[in-house]
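Work through the exercises below with the sequence and coordinates open. Try each task before reading its solution.

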Amino acid sequence: MQRFTNKVVLVTGAASGIGRAAVERFATEGAIVFCVDLQAAELKSFVASLQQRGTKAEAFVCDVSDEASVKACVAKCLTSFGRIDVLCNMAGILRFAYAHETSMDVYNLVMKVNVASTFLLCREALPALMKSKGNIVNCASSSVFRGLPWAAAYVASKGAILAMTKSLAVDYGQYGVRANCVAPGDVITPIATHTAVPEGADFQAAMLRIASVTGAKGPETVAGSIALLASDDAIHITGECIVVDGGQLA
């Protein structure tokens, strides 16, 4: 399929995990990809590999939680490619801690990186998306519907993203802009595997509680749903959330 030929797709969190898998999927379907991440070396190496394969791609190192950085990011995408057809917000962080041991610094950091960044990217990209009749795909989490041990701040942030997405769908549908999100669960990404659990926590019991029916999978299993929502195949889908969790919630 070549559903994104000549379409400009801006992806955050593009250097690793679900963001990187999404970029790969968009590239295989003909997209021009504007890849955004804070991990400069990893991002530039990835984008260079895309370019070597013939994909039109550009890297932009950005702190997506910083307003000035986000403004510069969107402006650079428009300067380079003249339009934005899809905004794909996949950047995020996870911090495990019991709620009663979670500092306000950690809580505010999670909300800033996950929620504020999503809002800022949407705010800055929406004028361009209204011109292109484009769409937004945000990243929630299956934990919004079931809960995740030691992750009250993270789950709150993902619930906020889901609610924000629905509001954007209502606000901007009249301008031809769709907004949807994916809710991954039991997906193997650096955000999950590199996050330490609280000392003394029963990790095995917790993981059994949230394990999927089909077993943990890689981020490429989420990329297909992201591409679906971003494509014209989903032209009549907005304000929705596709849960990609291997049956966690079944």
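**Exercise 1.** Which elements do the buried residues of helix 3 pack against?

Solution. Bear in mind that this is a predicted model.
- Step 1: take the extent. Helix 3 covers residues 67-81, and its 15 residues should span 21 Å at 1.5 Å a residue. The end C-alpha atoms are 21 Å apart, which agrees.
- Step 2: list the buried residues of helix 3. They are V70, C73, V74, C77 and F81.
- Step 3: An α-helix has 3.6 residues a turn, so residues three or four places apart point the same way.
- Step 4: check the other side of helix 3. A68 and T79 are exposed there.
- Step 5: read off the contacts. The buried residues pack against strand 1, strand 2, strand 3 (57-61) and helix 4 (104-132).
- Step 6: look just past the helix end. G82 takes a positive phi of about 80°.

**Exercise 2.** Is strand 1 largely enclosed or open? Find its pairing partners.

Solution. 
- Step 1: count. Of the 5 residues of strand 1 (residues 8-12), 5 are buried, so the strand is largely enclosed by the rest of the structure.
- Step 2: sort the side chains. In a regular strand they alternate between the two faces of the sheet. Here V8, L10 and T12 point one way, V9 and V11 the other.
- Step 3: find the partners. Strand 2 (residues 32-37) runs parallel to strand 1 and is joined to it by 5 bridges. Strand 4 (residues 86-89) also pairs with strand 1 in the parallel sense, over 4 bridges.
- Step 4: In strand 4, V86 stands opposite V9.

**Exercise 3.** How many residues does helix 1 have, and which of them are buried?

Solution. 
- Step 1: helix 1 has 12 residues and reaches 17 Å between its end C-alpha atoms, close to the expected 16 Å.
- Step 2: the buried ones are G17, I18, G19, A21, A22, V23, F26 and A27.
- Step 3: after helix 1 comes G30, with a positive phi near 90°.

**Exercise 4.** How many disulfides are there?

Solution. 
- Step 1: apply the cut-off, sulfur atoms within 2.5 Å.
- Step 2: state the total. The count is 0 disulfides.
- Step 3: confirm with C35. The nearest cysteine sulfur, in C77, is 9.9 Å away. C35 is buried, at 0% relative accessibility.

Conventions: Residues numbered from 1 in each chain as written. Predicted model: local features only at pLDDT ≥ 70, side-chain atom pairs only at ≥ 80, totals over all residues. Heavy atoms only, no water. Buried < 20%, exposed > 50% of the residue type's maximum accessible area, 1.4 Å probe, protein only. Helix = DSSP H or I, 4+ residues; strand = E, 2+ residues; numbered from the N terminus. Pairing = 2+ DSSP bridges. Expected span 1.5 Å × (residues − 1). Contact = heavy atoms within 4.5 Å.
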